[in-house]
Amino acid sequence: SSSGDAPEEKTGGPLKVGAILPHTAYAGAGEALVSAVDVAVEEINAAGGVNGGKVELKQVDSTDNNDTAVQAVDSLVTWGSNVVIGAYGSGMSGAIVSKITESGALQVSGSNTSSSLTGINPLYFRTAPTDALEAAKLADLVVQDGHATAAIIAQNDAWGQAFQKSMVESFTAAGVEVVAQQQFNTTDTDYSAQVDAVVAAKPESIVLLSYASYSGSMIESLVGTHGFTDKNLYLSNSTLGKYTIKPSLLKGLRGFLAGPDPAVEAEFDKKLLAKNPNLKSFAYAGSTYDAVIVSALAAIAAKSADGKAVAAKMAEVSGGAEGSTKCKAFKECADLLAAGTKVDYDGLSGGLKFASNNDVTETAYNLYAYDDKGSYAVAP
Amino acid sequence: MTPSKAIRWLLAVLALACVLALPSPAAAAPADEWGFRGLLRDGEKQPVSGAAVQVKDGDTVVGSDTTDDKGRWEIIPVPGPGTYTLTIDTTAASGHFAGDEYEVDKELVESPTTLPVLNVVVSTTESSQQVASFTDRLAQRAVSGFNLGLLIAIAAIGLSLVFGTSRFTNFAHGESVTFGGLTGFVLAHVLGLPLLLAAAVATVLGGFFGYAQDVAFWRPLRRRGVSLITLMIASIGISMAIRSLMQFSFGSASRGMTEESWGTVTLGPVVMPATSYAGMGISIVVLAGVGLWLKHGRIGKATRAIAGNTALAATSGVAVDKITRIVWVLAGALAALSGVLLGVFNQVSFDMGFNLLLLMFAGVILGGLGTSFGTLAGSIVVGLCTEILVLWIPADMKYVGGLAVLVIVLLVRPQGIFGRRERIG
Amino acid sequence: MDIIWNSLRELITPTTAAYALAAIGLNVHFGFTGLLNFGQAGFVAIGAYGFAISVMTFGFSTPLAIAVTLVLAAGYALLLGVPTLRLRADYLAIVTIAAAEIIRFALNSSAFAKWTGGANGLYNEYSGWLKGSNPYPSGVVTVGPWTFGSNDLWIATVDWLVVLLTAGAIYLLVRSPWGRVLKGIREDEHAMLSLGKNVNLYKLQALVIGGVIGAAAGILYVQPTSVQPFDFATRMTFNMYTMLILGGAATVFGPILGSMIFWVVMRFTDELVNLGVDGGLFDNVTQGSQLRFVLVGVALVLLVVFRPQGILGNRTELSFDAK
Amino acid sequence: MTVVEVKSLVGGYLPGIDILNGCDLTAGKGELVGVLGPNGAGKSTLLKAIFGMVRIRSGQVLIGGEDVTGISAEKLVARGVGFVPQNNNVFTDLTLRENLEIGIFQRPKEFAGRLAAVCDLFPDLTARLKQRAGSLSGGQRQTLAMARALMTNPSVLLLDEPSAGLSPQRQDEVFLHAYRISRSGVAVVMVEQNARRCLQICDRAYVLDQGRNAHTGTGDQLMHDPKVIELYLGTLATDVENEQ
Amino acid sequence: MPSKRDPILVADRVHRHFAGVTAVDVDHVEMPRGKITALIGPNGAGKTTFFNLLTGFDKPQTGAWSFEGKPIAGLAPWQVARRGMVRTFQLTKVLGRLTVLENMLLGSKNQRGERLLPFFWRKQERSDSARALEILERFKLGAKAHDYAASLSGGQRKLLEMARAIMNEPSLVMLDEPMAGVNPALTQSLLHHIKDLKNQGMTVLFVEHDMHMVRYVADWVIVMAEGRIIAEGVPGEVLSSTAVVDAYLGAHHDTDLRELVREMEA
Ligand SMILES: Nc1ncnc2c1ncn2[C@@H]1O[C@H](COP(=O)(O)OP(=O)(O)OP(=O)(O)O)[C@@H](O)[C@H]1O
Ligand SMILES: Nc1ncnc2c1ncn2[C@@H]1O[C@H](COP(=O)(O)OP(=O)(O)OP(=O)(O)O)[C@@H](O)[C@H]1O
Ligand SMILES: [Mg+2]
Ligand SMILES: [Mg+2]
């Protein structure tokens, strides 16, 4: 067997973007991310690509299982990815990060929110904001509505557990008493135990931290059976989605989504739906889109497709450089870069700026609420 | 105000101060308006209205507000990050707080994980919170458990029957449940049929689905004389194939079965949707019917005969293939019905049946494999334990309750509740 | 052609090795002794978590951590075996699934997150010893037509060494009279009792040996990645049974061959789907990926139909159904 | 009139290994035919082959003149063939009554009448009708198996060692039953190891060896054929009786 | 009641009933050492159940028994077998997917290799195999030594079961209807073998319905009916006692069936 670092050969070639996202798992929560990557790469290539070549894309199915995910990473590495987008879950990212980065590729996730990934590898970046800020916003909303006690129902997975922790911290900091916390497994037959336990504690407000896919029956039960309303039931970003329950049950329910401009967001959602009309929830699609765009911009700034070189420019193009010019779309930013200007990309998910530990800061949130037809829009 | 109340006030405020004093990582905060927002509650957790709240920077008052009828106050903006003194004067407030005044220092910090607006909820007591009584919760859990038990039973009876005739553990049975759920969804939600009609049609289609499985897989495999373990492994493959196919056509998301609602029924402390009671009623009727039919009907006896000794049953003139097919149809139909009920109870998704499979197994085994009333009893025990034990164990481990009871019962009765020991020799 | 080579690469990956080892353990249970253990994932989980927690929480040295983990697995086997081994085969299957799921629920629960990391699991901060002893040059290493990360290749080397040593030991054991007693128990316990064999003791021995091998597989399994509760779901055990049937149960090399074929086929279907997407067969990867598992399931059924005894198994033996 | 006719049957269980190597057998209406032979000669295999439970490579089975080679068991039962296998011949999980019900599964209306008739024949079953067959003793099972086969009132009855495990008194009863049944117009084929008793009562007997007809003749002929005695019957019974 | 006959097995007040049915109710019984004892009785008399009780496969409601002077009630079946009391089953239990020879080798006792030792067993294995083949030859199973036991015919299974028990060289071998289904000529030759066992110092207890065989080999006959022991003695006497004839043999057991038929038809 022979050996040697391969990156040199990659430098000159086109930027190869691999994406490892769930196509078959997590109740479809990852499907919007798959489309987001497609949209991003199409836009980049429509605008002339990176360093004179078209960006090549290979999407693979991460499934929800590390065995198959590891295989999928193998195929991305063999293919020669410079940038790998994903994985969807924080847990899986932790499982594959060493494999990806060992090959010299850069890993950028648009959906990892777990704080335990902070600083795990110099080649690992993420564009998803940590859920702590969203938790603080939710707690603030609860206080604004005049509730001094709250209960939490959280999905029992990496995302849900981390969010729940943040939520409890935010509530405690605000002085809101958390009177009940319940977790549910996504594979359980029903969530009545959790709903009943929470209701039994008679909280003034309830926060639902779960994917839209699993929340329908809980909302039906909380609103329809137990009399909670849009004034005391709150939703997380992933809970905002399309439901098949009676729209009157959803009416007025609120939650926060990251993103600077709701109009841009709505425009973006349309593009995603054009790719895949079955999408039910758009959580983390924007940040995944940003992950692709910002790494492409970094590749332009680095004038190289090599993972390490791109990584070195990630902070700069996100606004880390002095005197950079703000830009909001790939074409705009790429033109600026071509003109030799330093750029500060502000993406779909907010200000987007990488801190020294490669986590993202500067996130803006908008409050969304359901209308009487079961779709949600920015709350007035 | 009594001294003890005053102490509690003080403690609450101190606790708050401690929490706020925690060091937070400094970083750029989103540029926004800085300020304070809070609530004021009394010892009974009732809002205190009309209290005066002030924020002072040193001796300068930077803002003030009066609590509203919900006890809310808001002082925004204040100049920016820094330490402020917050005072609450309840002299003019409602309730028996008149004359008291409180003061505490608060710090506004810049951090990527906190907001520029600081929430300050002040309440005089930690937990005078009203909670539902234990017996009320027990009642609610017991009814839910019974409901779940019936659901498991109706799904598991098919599993038990198939085991009864073919002697193999069908890991693909969950997919028949899913089939019912998804069909029900299409009928009720997409085509808009009334729920009961949808359930009936889905059950019939489920029968066809069972039939199709037998024709497509099991009969050919039986013909080849494949061993039971091998059949079991084949069922794992079939389960995976059908499940993925359903995912392919239905998508990965879970969805509500129907928008139809029959309202809520409150029986004492137990609050449940009327549909759940209807589902329980249907389950009981169907289960009793099937159970009696199996015990006393000819086909029921034939299935048990085939289970015990297929070759001998054939030489006694039992049409093994035909009976087996009837069993598959029945198993498919019952599974589909349970899928619809489960969909109404919770939601439908491509893996709903697969997720129920383990509980079905537990029910079947607990009752003693191959006996239909055993399956019913076992399933209800599993359902009750799963739902009731969450009063003591964390709800995210709720299956542990149902599964643990399985293990414990088998320790005492290795043959299951209704199973019989074999004679040796 | 690439897709063939890419698929064949799975022959020697660490995952394949770890699964092969776990399946060898399962073969001791199911293939040789007839114990329908559907909870092998539980043993693997104990191996993975036992090792990771020993190193990360208690700071044990690697050899000590391995020893503690294997002892733990043996203890679990006894705990599981003493009360349940008198159950009928199909009852045992469900009880072992239940036990493994109980373990997984507990590992997943936030109640013990302090040690287990809850649903997040534990990131790899425990394989330093192995990576530290890596003799291969760092970076990417080429082996024949394939490239490997240096650490991956080293882990694979160690894994396969363990697999081969274990297979050798099993080979000696099952061909000894001890192995014959196990097979006798598989066929009829009462007959064995009447011949003076302490059936429960043998079953316990088999359970402990197979379980400890499963736990060792768990240790190997998590070396290249992190530890996550979801991986130890029933699907893991199902996969192992598939491998066992593929390769041939009650044969020494069946599980190894089975694991190799299984993962090559998994990868191959994945590559096929990608090919289909490139060729415009599917609108998107998502569609193809779902069909991929249909393909895998159907392949398993076909295999069972056309070669029920597996690659190395004995057709005649299979024609006599167990009891 | 010939009811059962087996013509040079060749077949076996595993591919390539023939157990039957050209067996012939006929049994007429009202005839009691014995099949004897050493262990492993293929006697049970022959009965199973008639019943379509063994792969037949060549040869023919005719029942009532019609070719029924390889036909399914339940169709044979419908044509009036009854069978008592050698092993596993009761449904252990079912009660005795249910066992008997399965015996006449195709004609449930006649159950009550047949039950009474069979209970007449085997009175000690009557008291145990609610007991599970799995708890019966070896001999009791054998009796039940016989009773189950008689439920249908068959026109052809295949018995595989019906007297094995029965007490001497019962053995005699079984032989006499078989005789009586045959005389009522049924073709009875019985495989037996209780050879002398069988030869005493049957109209004709076949001695099989290695899947072939080794000897054929009336009971008397075979009982005194020195070759049959040497190969198969032995001299134990006569020795012991002479000793007394 | 101390016995002069030096019994190898003594049982007292053994009682077993199933849901109202009394299966075994033995007050006192002794098995003479070094003799061949036949246990006979009508179907359902409780013979097999009694075997099950003595060997630990079933538990009695009451009862005590001792083997070689030591009480063994309550021991597990394998412990009983280790003490030298090995039984066969009326409904045969062969190890189907093992070869006939492997079945035999499992009968041999004290094989060191059965104690989780991968080595040091080959020598013993060789001598065991030789002995097993010899016994198989005698049981006319030599040609089948390397076939799966599942492929044996009904009678062959009985033979294997018996051969396997003898392979164990127990001090008391308990055979449950060993010759039911075995062809007469072979039975005859095996009886010599059983008598041989006695000469080798083994004690034999067997259940049988073939009176010729009982007369030929048994030294002692015990008759059970409805769970109780109703008679005991040497074969000649017991088999002609009216109680035994009434309860078990039937009036016609010595009559040629042809005569009975003639009577019947008359
Ligand atoms: N597990 C059981 N449950 C109920 N009854 C039983 C059980 N085992 C045995 N019996 C009854 O006990 C009685 C004695 O049975 P046992 O098998 O000991 O008879 P046996 O003397 O061996 O008869 P055979 O000569 O027919 O083999 C029978 O009536 C039988 O039905
Ligand atoms: N399932 C089977 N698979 C393969 N071979 C078998 C099978 N059953 C029986 N045999 C073989 O076929 C031959 C004939 O068996 P069969 O059962 O017909 O004998 P039999 O004449 O009835 O003997 P017995 O008097 O012992 O019952 C035997 O050599 C036996 O080993
Ligand atoms: Mg036979
Ligand atoms: Mg008996």
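Which residue forms a salt bridge with A:Lys373? The partner is A:Asp372, with the closest N and O atoms 3.9 Å apart. For anyone who likes cut-offs, a salt bridge here is a side-chain nitrogen of Lys or Arg within 4 Å of a carboxyl oxygen of Asp or Glu.

Hi everyone, a word on conventions before we go on. This is a predicted model, in which local features need pLDDT of at least 70 and side-chain atom pairs count only at pLDDT 80 or more, while totals for chains, interfaces and linings use all residues. Residues are numbered from 1 along each chain as its sequence is written, chains are lettered from A and ligands numbered from 1 in the order in which they are written, and side-chain values use heavy atoms, leaving out hydrogens and water.

Let's stay with salt bridges for a moment. Side chains of opposite charge can pair when their charged atoms come close. A search of the whole structure turns up 57 salt bridges over all chains. Another one inside chain A joins A:Asp230 and A:Lys231, at 3.4 Å from N to O.

Now to chains A and B. Among the eight pairs of chains that touch, these two have the most contacts, a contact being heavy atoms within 4.5 Å. Chain A brings 62 residues and chain B brings 58. Together they bury about 4700 Å², 51% of it on carbon and sulfur atoms; buried area is the accessible area (1.4 Å probe) that two parts lose on being put together, summed over both. Four salt bridges cross this interface, and B:Lys398 meets A:Asp190 in a salt bridge at 3.5 Å, N to O. On chain A's side, the residues divide into 21 nonpolar, 28 polar and 13 charged. In that scheme Ala, Val, Leu, Ile, Met, Phe, Trp, Tyr, Cys and Pro are nonpolar, Asp, Glu, Lys and Arg are charged, and the others, Gly among them, are polar.

And which chains does A leave alone? Chain A has no contact with chain D, the closest C-alpha atoms lying 34 Å apart, and chain A does not touch chain E either, where the nearest C-alpha atoms are also 34 Å apart.

On to chains D and E. Here 44 residues of chain D are in contact with 41 of chain E, and the buried area is about 3300 Å², with carbon and sulfur atoms giving 56%. The count is one salt bridge: D:Asp220 with E:Arg258, at 2.3 Å from N to O. There are also 13 residue pairs in polar contact, both residues at pLDDT 80 or more. A polar contact is a pair of N or O atoms within 3.5 Å; within protein, one must be able to donate a hydrogen and the other to accept it, and residues adjacent in sequence count only if both atoms are side-chain atoms.

Finally, the ligand. Ligand 1 lies between chains B, D and E. It has 21 residues around it, and those that come nearest include B:Arg423 and D:Gly139; around means a heavy atom within 4 Å. A polar side-chain atom of D:Ser137 is 2.6 Å from a ligand oxygen. From chain E, a side-chain N or O atom of E:Thr48 lies 2.6 Å from an oxygen of ligand 1, while E:Gly46 uses a backbone N or O atom, at 2.8 Å.
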